[in-house]
Amino acid sequence: LTHLNQKNCCIINPGIDTTKFRPLEKEKYVLFSGRLARQKGVYDLLAVAKRMSNVTFIVMGSGEEEEKMRSIASQNVRFVGFMNKEQQKYYDLFGKAAVLFLPSYGETFGFVQVEAMAAGCPIVSTIPLGSKGTVVQPGDIEGMVTGLARLLENEELRIQYGKENVE
C-alpha cells in the first residue's frame with residue numbers, strides 16, 4: 001500500500017459482529033441462509049428435507065430458484081424470505097438454530113458459516129472451513145442426512161460443537 005495515498009484509503013477486513021451473532025436457547029430446526037441458487041445446493045437441501053420429514057428446515061434467503069423451490073418443497077420446509085442484517089430476526093434465527101446446513105457447490109468464503117459458528121451452531125457443510133460438525137461432498141445426500149441426523153439426535157455433541165465453534 002506504499003504507492004497509495006493512505007489518508008484516502010482504508011482496509012476493511014472481513015469479519016462479523018460477535019455482539020449480534022451469539023448463541024441463544026436452541027430450537028430444533030435446521031437453518032439454511034443464502035442465495036436461493038442452484039450452485040448453493042438448494043435442491044440438495046430440499047432432497048434432504050424430504051428424507052427428514054420430522055425435522056423443520058428454515059430457509060432464509062431469496063434468489064432465482066425461490067419460486068420453483070417453494071412449489072416442490074416438502075411441508076417441513078419453511079421459507080422466511082430475505083432478511084438483511086439490520087433485522088434482529090436475522091441474528092435470532094442463527095442464535096436459535098440447532099444446526100446450520102450449507103450444501104453449496106462452491107463458496108468464495110462462506111460468511112454464513114462463520115456467522116453460524118459465532119451463534120453456537122454446529123455445521124453440516126460442503127465447505128471445509130474448520131468448523132465443528134460434518135463436512136460432506138457436494139451432492140452427497142446420504143452423507144448430508146447422516147450428518148444432520150447425528151447432530152440432531154445427540155444434544156450433548158451438538159452443544160459441544162456449538163461451544164467449540166464459538167471459540
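Biologist: Which residues does S125 touch, once those up to four places away in sequence are not counted?

Modeller: S125 touches L102, Q113, T134, V135 and V136 under that condition. The word rests on contact, defined as heavy atoms within 4.5 Å. This is a predicted model, in which local features need pLDDT of at least 70 and side-chain atom pairs count only at pLDDT 80 or more, while totals for chains, interfaces and linings use all residues. Residues are numbered from 1 along each chain as its sequence is written, and side-chain values use heavy atoms, with hydrogens and water left out.

Biologist: Why is S125 called buried?

Modeller: Buried means under 20% relative accessible area, exposed means over 50%, and partly exposed lies in between, using a 1.4 Å probe and protein chains only. S125 has a relative accessible area of 2%, so the value falls under the buried cut-off.

Biologist: What makes the approach of S125 to the backbone nitrogen of I127 a polar contact?

Modeller: A polar atom of the S125 side chain lies 2.8 Å from that nitrogen. A polar contact is a pair of N or O atoms within 3.5 Å; within protein, one must be able to donate a hydrogen and the other to accept it, and residues adjacent in sequence count only if both atoms are side-chain atoms. The distance of 2.8 Å is therefore within the limit.

Biologist: In which strand does S125 lie?

Modeller: S125 belongs to β5, residues 123-125. Strands (E, at least two residues) and helices (H or I, at least four) are DSSP runs, numbered from the N terminus.

Biologist: Which strands form the sheet, and in what order?

Modeller: The open sheet has 6 strands in the order β3-β2-β1-β4-β5-β6, with parallel pairing. β3 and β6 (133-135) are at the edges, because each has a single partner strand and one side is left without a neighbour in the sheet. Direction ignored, neighbouring strands are turned by 20 degrees against each other on average.

Biologist: Why are β1 and β2 said to pair?

Modeller: Two strands pair if DSSP finds at least two bridges between them. Among the bridge partners, Y29 has T56 in β2, and F32 has V59 in β2.

Biologist: What makes the β-α-β units right-handed?

Modeller: A crossover is right-handed if, with the strands pointing away from the viewer, the path from the first strand over the helix to the second runs clockwise. One such unit consists of β1, helix α1 (residues 42-51) and β2; another consists of β2, helix α2 (residues 66-72) and β3.

Biologist: Why is α1 described as largely enclosed?

Modeller: 7 of its 10 residues are buried, so the rest of the structure largely encloses α1. These buried residues are V42, Y43, D44, L45, L46, V48 and A49. Their cover includes β1, β2, α2, β3, β4 and α5.

Biologist: What makes the span of α5 close to the expected one?

Modeller: The expected span is 1.5 Å times one less than the number of residues in the helix. With 13 residues, α5 reaches 18 Å from its first C-alpha to its last, close to the 18 Å expected.

Terms used. Axes are lines fitted to C-alpha atoms, for helices over the stretch in contact, and angles run from 0 to 180 degrees between N-to-C directions.
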